[in-house]
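Dear colleague,

Here is the structure I said I would pass on. My notes on it follow below.

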Amino acid sequence: MDQQTYHRMTLEQLKGQRVKTLRTMTTGVAVVPVGTVCTITGKFNGFELESVPCQTCGVKVRITRVSPRDVDLLEVSP
């Protein structure tokens with residue numbers, strides 16, 4: 001997603017939208033690989049994302065301050 005789209009859309013428009021990661025992202029505990037599908041849960045100084053649960057163990061990863069250029073918006077629902 002480009003910066004222009006990020007600034008134009010509000011949290012209400014983006015919250016719940018699905019994105020795909022375009023780069024590997026790390027938290028203090030986990031690594032989110034390229035191509036992981038996440039849901040936007042917040043927008044402040046970048047996105048707050050929550051991954052879909054792992055099919056094996058059920059763990060979900062939450063990551064904050066994700067740059068819009070590091071994700072690809074999969075769908076835009078009204």
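The charged end of Lys43 sits over the ring of Tyr6, at 4.6 Å from the ring centre; the criterion is NZ of Lys or CZ of Arg within 6 Å of the ring centre and within 35 degrees of the ring normal. This is a predicted model, in which local features need pLDDT of at least 70 and side-chain atom pairs count only at pLDDT 80 or more, while totals for chains, interfaces and linings use all residues. Residues are numbered from 1 along each chain as its sequence is written, and side-chain values use heavy atoms, with hydrogens and water left out.

Tyr6 also takes part in the one aromatic pair of the structure. Its ring and that of Phe47 have centres 5.1 Å apart and planes at 85 degrees, so the pair is edge-to-face (rings of Phe, Tyr and Trp, the last by its six-membered ring, pair with centres within 6.5 Å; planes under 30 degrees apart are stacked, over 60 edge-to-face, the rest tilted). Tyr6 belongs to helix H1 (residues 3-8) and Phe47 to strand E5, so the pair ties together parts 41 residues apart in sequence. Both residues, Tyr6 and Phe47, are buried (under 20% relative accessible area, with exposed over 50% and partly exposed in between; 1.4 Å probe, protein chains only).

Leaving out neighbours within four places in sequence, Val66 is in contact (heavy atoms within 4.5 Å) with Met25, Gly46, Phe47, Leu49 and Val71.

Asp70 is in the loop between E6 and strand E7 (71-73). Its relative accessibility is 12%, so Asp70 counts as buried. Not counting residues up to four places away in sequence, Asp70 touches Lys20, Thr21, Leu22, Arg23 and Met25.

For the chain as a whole, there are two helices and seven strands (DSSP runs, H or I of at least four residues and E of at least two, numbered from the N terminus). From the N terminus on, the order is α-α-β-β-β-β-β-β-β. Of the 78 residues, 33% count as buried. The C-alpha trace spans about 35 × 25 × 20 Å along its principal axes.

Regards
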